[in-house]
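Here is a short note for a colleague opening this entry for the first time. Please read the points with the structure on screen.

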Amino acid sequence: MEDLKFCPKCGYESLLWDGEQKWSCSNCDYVLYHNVAAAVAVVISCNGEFLFTRRNQEPKKGKLDLAGGFVDLRESAEETCVRELYEELKIKVDISKLKYLAGLPNTYEYKNIPYNTLDLFYEYEVDEKFDIELELSEISEAVWIKKDNIILDEIAFDSQRIFFKNFIAG
Ligand SMILES: [Zn+2]
């Protein structure tokens, strides 16, 4: 963040990072915000078991993750759930069955840049386990785990770890 020094408007080396969420130029009126981004995480459940994916890319390669991702422009959170579950797992979600659970903050580091997100958690209950066609570039495997067998340290992201910690506690 501090690496960005040159103002894209006036060209002077006068851009200042506030340490939180914006750069501003001390020479002109240029301001650039690095706002919180919205993301979704979907807890797919089937008779007391929960579907996790194992990440096959950085950050947190090898750790457990939930299906989900960043919200696109002009997309509702529920539409993001539908799109991401199709992209990652090739499953067709009935949007009316998505149940909102919680919104928790997270930091997602990509190529050394930390992105602050607000992760919106949804539950999607299915009657039976389904076959998964994996997007192997992103996910190495998909696993169903019973509530009692969820190991918090295996979970990739803070928001999901906090979510499952609360969830397991009841
Ligand atoms: Zn400037």
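1. Basis. This is a predicted model, in which local features need pLDDT of at least 70 and side-chain atom pairs count only at pLDDT 80 or more, while totals for chains, interfaces and linings use all residues. Residues are numbered from 1 along each chain as its sequence is written, and side-chain values use heavy atoms, with hydrogens and water left out.

2. Overall fold. The protein chain has two helices and ten strands; helices (H or I, at least four residues) and strands (E, at least two) are DSSP runs, numbered from the N terminus. In sequence order the pattern reads β-β-β-β-β-β-β-α-β-β-β-α. The C-alpha trace spans about 60 × 30 × 30 Å along its principal axes.

3. Burial and surface. Of the 170 residues of the protein chain, 37% are buried. Buried means under 20% relative accessible area, exposed means over 50%, and partly exposed lies in between (1.4 Å probe, protein chains only). The protein chain exposes about 10200 Å², with 48% of that supplied by carbon and sulfur atoms; accessible areas come from the Shrake-Rupley method with a 1.4 Å probe, and for residues only the protein chains shown count as cover.

4. Contacts along the chain. Taking contacts (heavy atoms within 4.5 Å) between residues at least 6 apart in sequence, 56% join residues at least 24 apart.

5. Zinc site. Which residues hold the zinc ion as protein donors? They are Cys7, Cys10, Cys25 and Cys28, each through SG, at 2.3 to 2.4 Å from the ion. Donors are N, O and S atoms within 2.8 Å of the metal (3.2 Å for Na, K and Ca); water is not among the atoms, so sites may look incomplete. Along the chain the donors follow the spacing C-x2-C-x14-C-x2-C. The site is tetrahedral, with angles of 106 to 118 degrees among its four donor atoms; four donors count as tetrahedral if all angles lie between 85 and 135 degrees.

6. Surroundings of the site. Cys25 is buried at 9% relative accessibility, whereas Cys28 is partly exposed at 23%. Ser14, in the segment before strand 1 (15-17), is also buried, at 9% relative accessibility. Leaving aside residues up to four places away in sequence, Ser14 touches Lys5, Cys7, Ser24, Cys25, Ser26 and Asn27. The count of disulfides is zero, a disulfide being a pair of cysteine sulfur atoms within 2.5 Å.

7. Strand 4. Is strand 4 (residues 37-46) largely enclosed or open? Eight of its ten residues are buried, so strand 4 is largely enclosed by the rest of the structure.

8. Partners of strand 4. Two strands pair if DSSP finds at least two bridges between them. Strand 4 runs parallel to strand 9 (residues 113-125) over nine bridges, and Ile44 stands opposite Tyr124 there. With strand 7 (residues 67-70) the pairing is antiparallel over four bridges, Val40 having Gly69 as its bridge partner. Strand 5 (residues 49-55) also pairs with strand 4 in the antiparallel sense, over three bridges, and Cys46 stands opposite Glu49. The hairpin of strand 4 and strand 5 has two residues between the strands, and Asn47 takes a positive phi near 45 degrees in it.

Note on methods
Four donors count as tetrahedral if all angles lie between 85 and 135 degrees; four count as square planar and six as octahedral if opposite donors are over 155 degrees apart and all others between 65 and 115; anything else is irregular.
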